[in-house]
Amino acid sequence: MIAPAPAPAPPRAPRPAVGAYLSLALAVAVMVLPLVWMVLASFKGLDEIYRLPIQWLPDSFAPTNYGTATQTVPFGRFFVNSAITTVLGAGLKLLLGMMTAYALVFLDIPFRRFFFWLVVCALLVPQQIVLIPNYVMIADLGWLNTYQGLILPGLASAFGTFLFRQHFLTLPRSILEAAELDGAGHWRRLWRFVVPLSGPTIAAVGLVSIVTEWNDYLWPLLVIDRPEMMTLPVGLTLLMNSDGLTDWGVLMAGTVLVTVPVLAVFFLLQRRIVAGLVAGAVTG
């Protein structure tokens, strides 16, 4: 009796190439090293920063520059202004993006395909193009140096609307049809069914909106000229001396204080960001 031939061994998974590891390490270095240098420089004196050859580690990790930064400019007021504009701006962007995407997907409105392509075209328009028209509008309304002047011009988020629309197309229609048969209106369907199924997308759009609002510099610089209304990115400019001799250690300390809140939000939402960005990405 002839013994059966042994089963072929399962194919081995290909090992990652060395080049892939090197490319990954290079990408990480490009992103991380500036942050590391910023944090280390925030503990250095002016002579240490200009010292050659470059000295990575400071002589002392005493937080002197942080005390100088917070005493030189009103960081507390800047933080409150940034928090208000970020929470209201990002929250309203999120709400309007969800509602607009819901209308484009679940409401039988005329020319909704055309409106969707308008949203796509808006993604291609640089925001710098609309700065002057928005400034003229805000100035005519008397909203310079106000929260509404900071927040309202940027509420329409084409990116958020596009991402929500693509994700909503992947949701099972049977759930919403059953809710409609039970008498649920559009508002209830949105909040009771669509929103709970859209957690990763909400996290992704929310993070992008928070980072955009928190780091926005050019628009607040145009509409705000009173120190008590400045946001953190604009307020950092007050740490720069007009005589050309800027204490970069103090400036780096202020930059660390601006960056830490955004990094904290990122680490809280990082597990859902990728899932939200790819949700519905290939849906037509």
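**Pockets of a predicted model**

User: What classes of residue make up the lining of the largest pocket?
Analyst: The lining has 18 nonpolar, 12 polar and 3 charged residues. A pocket is an open set of 1 Å grid points over the protein atoms alone where a 1.4 Å probe fits, with protein on both sides within 12 Å along at least five of seven lines, and lining residues have an atom within 4 Å of a point. Asp, Glu, Lys and Arg count as charged, Gly among the polar.

User: What kind of model is this?
Analyst: It is predicted; local features need pLDDT of at least 70, side-chain atom pairs 80 or more, while totals for chains, interfaces and linings use all residues. Residues are numbered from 1 along each chain, and side-chain values use heavy atoms, without hydrogens and water.

User: Which residues lie nearest the centre of the largest pocket?
Analyst: Of its 33 lining residues, Lys 93, Gln 127, Gly 154, Ala 156 and Thr 212 lie nearest the centre.

User: Which element gives the most to that lining?
Analyst: α4, with 5 residues; α4 is a helix, a DSSP run (H or I) of at least four residues.

User: Now the second largest pocket: what lines it?
Analyst: Leu 35, Leu 207, Val 211, Asn 215, Thr 259, Val 262, Leu 263, Phe 266 and Phe 267 form the lining. By class, 7 are nonpolar and 2 polar, with no charged residues.

User: Which elements give two or more residues there?
Analyst: α11 and α14 do, and α14 gives the most, 5 residues.

User: Elsewhere, what does Phe 75 touch?
Analyst: Beyond neighbours within four places in sequence, Phe 75 is in contact (heavy atoms within 4.5 Å) with residues including Ala 69, Leu 232, Gly 254 and Val 258.
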